[in-house]
Amino acid sequence: MSLELIFFLVLALASVVTAFGMLLSRNAIYSALYLVMNFITVAIFYLMLGAPFIAMAQITVYAGAIMVLFLFVIMLLGAERLPDTQVLPYQKWLARVLAFILVVETGYMLLVRGKPQGEIIPPEASANMVDSLREMGMTLFNEYLLPFEVTSVLLLVAMVGAIVLIRKDKKVG
Amino acid sequence: MIPINYYIILSAVLFTIGTLGVLTRRNALIIFMSVELMLNAANLAFVAFARAREIATGQPLFDGQIFVFFVIAVAAAEVAVGLALIVEIFKSKRSIDVDQMSSMKG
Amino acid sequence: MEFLLQPLTLLTFFPLVGVLVLLFIPSDNKNALRWTALGASLVTFGISLWVLAQFNASNVDLQLVARYDWITVAGWNIQYFLGLDGLSILLVLLTAFLAPISILSTWTAVEERVKDFMLFFLLLEVGMMGVFLAQDLFLFYIFWEFTLVPMYFLIGIWGGPRRIYAAVKFFLYTMAGSILMLLAILWLGIYGQTFSVPDLIAQANVPANIQWWLFLAFAAAFAIKVPMWPLHSWLPDAHVEAPTAGSVILAGVLLKMGTYGFVRFNLPLFPEASVRAAPWIALLATIGILYGAMVSYAQKDVKKLVAYSSVSHLGFVMLGLFAMNEQGVAGAILQMINHGLSTGALFLLVGMIYEQTHTREMKVYGGLWKITPVFGSIMLIVSLSSMGLPGLNGFVGEFTILLGAFGSKSIGTNVYAILSALGVIMAAVYILYMFQKMFLGPQGEIVDEVKKHGHGIRDLNLRELVTIVPILIFIFWIGLYPKPFFDLMAPAVAHLVGMLPIP
Amino acid sequence: MLFSEATPSGFFFLAPWLVFAPVIGLLINIIFGGRFSEKVIGTVASLASGASFIVSVLLAWSLAAGGGHAVSVPFAEWMHIGSLELDWTFRVDSLSTTMMLVVSGVGTLIHIYAIGYMHEDVRFKNDLGRFRRFFVFLNLFIAAMMILVSGDSYLMLFVGWEGVGLCSFLLIGFWYEMDTLGRPSWANSNAGNKAFITNRVGDFGFLIAGFIMFWAFGSFQFDEVFEAARTVAPGIIVAITLFMLIGVAGKSAQIPLYVWLPDAMAGPTPVSALIHAATMVTAGVYLVTRSAELYMLVPQAQYIVAMTGAVTALFAATIAVGQYDIKKVLAYSTISQLGFMVAAVGMGAFVAGMFHLVTHAFFKALLFLSAGSVILGLERGHHHLAHAQHDDHGKGRKGKKDSHHEDEVFDPGDMRNMGGLRKTMPVTFWLYMIGTLALAGIFPFAGFWSKDEILADALKEGFTGVYWLLSIAAFFTAFYMGRQIWMVFFGEARHEAAAHAEESPRVMTVPLMVLAFLSVVGGALNLPGMHTLTLWLEHTIEVHAGEFVMSVAVISTLLALAAILLSWFIYGRDPLKAGQPDPLKKPLGFLFTGMENKWFVDEGYFAIVIGPFKRISQFLADVIDWRFWHDFVHDTVIAGAYNWFSNIALNRYADQQGIDAFANWLGSATKSLSATMRRVQNGFVRSYALSVLLGVVLIVGYLILK
């Protein structure tokens, strides 16, 4: 068992644990904080996968901006806790059973039935990150220019949408 | 030397946890966070596949990463609108319990 | 950016910018909505002029091409392929020209759901531009069908009392033809390994017997749109029920999509079949000319009269196209423009008077020229242009068409041309009848009727003049000096005619 | 390419101004006319027309100075497609300048006359605004007529041809909201439509002739056509010339298309004089003369043309005898005289035809304008009368100024209302007399020379039948003109208005005097022995000098004198009394009824052409197109079949047999299932998400087990 694999397993464990933490915390603030942790572990995975830019984006956008927004809203609404009553109790159990089955199924498919699809080698420490980043930028702004611009429009729409939704003045629907 | 299958399994597990969150929690905010987790799981799979392919071909390949980049952008947009909706709903219902949001029940 | 800055892409999709801006304007700010839509269409018109400046008429190939692979799966080779040549440049300009005019005509006529109206209208413009510019059969089909949707809503929401019926009929009719065309397009695309029209024309390897069926399939779609007799039944309904701007665009541009389809696809893609079909098409066109003229003479509703006159006028266009000589085809293309201008203007004028009187029954009118001298004079000019008076645009088109048809080798007989020339007499009959019943004679009852509810029928105001005068300029220009228009298309027409295996 | 440099020296470069001058005039009147007084409007229009005349004179002078060779003045390209090459090119040759001079000369005189006439006309009809419109139309007419006569190709000729048709339509229906008596009616506008549509029938013939011409000769240009014509089969030329004859019949009011011209008298009198007597209607004669080289090639066609003209001349002359309206008489006289001209050019006597065209333009314009003067004189008398009565009836009814219109319909054009005008309108009387003598062909007036030349040529060319027809027509001509003179100017006034008629102002009579002078001396244009016109036209068309035949001249003069004498016996010796029927009615019986009713040609056309056309149109529109094709086939059959298929076929029949049992079972099963499922369908979004998860699990499970 190589060092990398050990590192991977530890990280994977951390990420699963934090994900469960998010799932199970009664307090929404804890959930959010667990999720931040989870995002950070995923970011480390990205680094291991040779995607430093995505890793940084993950941390700044997700762990940073988005989660802060979540925390802000949670506190704004004072919605940390909700009474734990279920309208449909069977649903909860059904969901858990199904989720379990799903995990077992995928595990079976990937580990038992599936053939290994290749190995992941972490990038060389000496790899030139700047060049790779530049190349990615080139790809993004050449090949994917249109989707990129469309995304910007999407963001604009979302922004306007959010403002319209929150606005007090309801004369204009 | 980590088999790619491991990454995929991890992704699947995270995804399922996210699904469970959506299905079992009643706090709209946590449901929302779970959705984010699911997106992350998918992103992880994307990057992993991209890396695998990069290694297999020996060429630098950015399509997977760029896709993730877009997903993050979309997620940001989604969060903005989604949170606005939640705030709005909270204002009118004084609750963010999704099981109370059943005006559409037929 | 290179993709977006292509002149033709810009021309096609610029109205979408207007759509985008419209979305952010509150729907009760009607004037802002109108100005925005007008501005967007005017800029589009400006772009079309820019395109015209870049256009080189002496080159018969497609110009200003924008071409990208779009869907390439499973042996399909669908491209985003826009291009312009002498056959389409005039129609593109006409579309860009009529759009702002139509929007201007809705200024006071459309008061409800202005935002939706403008949205649909601009979307319609995108579709029409796309139809005239697309050089890939699949892309063409998408634009072709796309125009149906906004028009459906324009008729169905802002139309007259039987609007739903008319809209559904319009939609179903066109769809019925289009399905056959879609099958033919798919067959061609799979057989030829490409959907690009120039490539398919260059291959020219469709077996003769299959050509015949493909020709019929395409012709079915286009003939319904034209509409050729006897497939015209949807037209009076659609025209009568549509709002003025809808009628203008319907007559001015949408009908031309049918005739344009014949020029762009049927003739070059299936030359043998076209030559074989020419006498039959000429027969139908001649029947359409005479039938349309007679039926329109017997109408009591002025809008219906103009609608049926379209059947007659477009019969001329079809006759010219299948004369398959330079005079005929060039005349037919020019006549498409003429019909767009004249009939468009007729619908505009009818709409202007309808706005005041709320009736289209001709018998209640009469003597309007005395009350509205400017309106009457303009109506007279437009009517004369529609009946083909020399010196005005209609004559140039009709004359060249008839001249071409008379000596056509593909039609093979000049009987059709002679019979069609009788249609020129009949055009005078129904147009003068309309003009007389509305503008001459003793004062009609509607004058007092309107006076009861306000200050009586007024003459054209400034906005209405601005709407109609540009059309008048072209009516005179084409009539007196059509050279620039012929020059734009002459090489392309000569090239097209040269491709046809005329006996 | 305005004004090509290739034109030879002289004033030829001015040719486009023949058209531009009147166009500028009408534009000025359209744009600024609203602020002008009537005088200014009339002056602008007259100057525009006068400018055209001056240009014509300069062109004629340049042409004569240059030896008379035809000159083409290119102006702009018109249509160039493939082998079709059409240009806006003006042609200046002796034929076209002759026409230009007549059109612009007579036109300008009539413009001036119209200033006076319309001034009163718009007041009698209570619409002052229409003064300007009249002059705009009149200028437009001059422009169109100039295009017609100055065109260098058949197509440009056609442009003017239809253009004058349009002006004719506009001016006939000038008072479109009334009839000739001023009552609200569709009559005038109907007359306009009739003229336009009948002309279009003729235009149809012209168009077809043009098409044959193009595909046989490859050109529309006169010289090229004539050049090519010598080499093609005569059959084609026969077809061209006969189709062209349809056009001629339409425009020059020949059988069978003459019916529009009498109705065209609905227009104001200057219009009748200018368009429907002097200029436009002679376009057909001009066309045949222009195509002389084509007609000379095919004697069969020439014969048909000559016979058409001769029969028309006689036929129309007989109708003129039975008319009571002063202008209608002149209208039928015009048709008859046009018949003379068409017969002449048909026989190949082109100079005689053109000669008669010119003199006829003078004296017929004179007659029409004098008739207009008579009509206005009666109107004045009538108004005078009405005002007098009005004042008698007291001051209380001041508001109803036009009450007399309702009390009694007065027709100022009806000769039965006239009589004795010699005393009240002396100037008009003398002018009218000159016109009459010229028309009747009395020596030495203009008509004598031109008519005589036609008759002499008819004998010389061997058209004996035509000669006799024309001679009888000439007899009738003198007779109906005599009848008119006696009825209008002699005897006692048969109506109060005639007794109070007033002479017309100077602005109207002066142009008349000019025309009268021309009617007297017009014969000098082509006096036997001098042949001025012949020599002039020789430059353009192949002609031979007509010879003066004394016997013909004597016979025709004697015939005319006899006819006038006869008319004196019937109408002059014992003048008509008010209310008395026409003295010819009794002796001629049904013949006179036929003349009176124009031989029922209009009624015949209505029964054979117009009625059926209307009925067929109505039938096509209502029954075939709407009730059958639109309602029955589409709404009932197609839509109905679809509904039937979807509703009945699928629901009922297929259901009851075969699928029935299954459907019943399915129905009950669905019911119970849906009852269970209702609890699942609880409206909670997450329940739906759960079912999605269930689906995923099942699918993945299936993939594993597969």
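This is a predicted model: local features need pLDDT of at least 70, side-chain atom pairs count only at pLDDT 80 or more; totals for chains, interfaces and linings use all residues.
## The contact between chains A and B

The contact draws 71 residues from chain A and 61 residues from chain B. On the side of chain B that touches chain A, at least two residues come from each of strand S1 (2-3), helix H1 (4-24), helix H2 (28-57) and helix H3 (63-93). H3(B) provides the largest share of this side, with 20 residues.

Sorted by class, the side of chain B that touches chain A consists of 46 nonpolar, 8 polar and 7 charged residues.

## The fold of chain C

Chain C contains 20 helices and 2 strands. Its radius of gyration is 22 Å, close to the 23 Å that the globule rule gives for 503 residues, and chain C is therefore as compact as a globular protein of that length. The C-alpha trace of chain C spans about 70 × 55 × 40 Å along its principal axes.

In chain C, 63% of the 503 residues count as buried. When contacts between residues at least 6 apart in the sequence of chain C are considered, 81% of them join residues at least 24 apart.

How values were computed
Residues are numbered from 1 along each chain as its sequence is written. Chains are lettered from A and ligands numbered from 1 in the order in which they are written. Two residues are in contact if their C-beta atoms, placed from the backbone, lie within 7 Å. Helices (H or I, at least four residues) and strands (E, at least two) are DSSP runs, numbered from the N terminus. Ala, Val, Leu, Ile, Met, Phe, Trp, Tyr, Cys and Pro count as nonpolar, Asp, Glu, Lys and Arg as charged, and the others, Gly among them, as polar. The radius of gyration is taken over C-alpha atoms; the globule rule is 2.2 Å times the number of residues to the power 0.38. A residue is buried if 20 or more other C-beta atoms lie within 10 Å of its own, exposed if 12 or fewer, and partly exposed in between; C-beta atoms are placed from the backbone.
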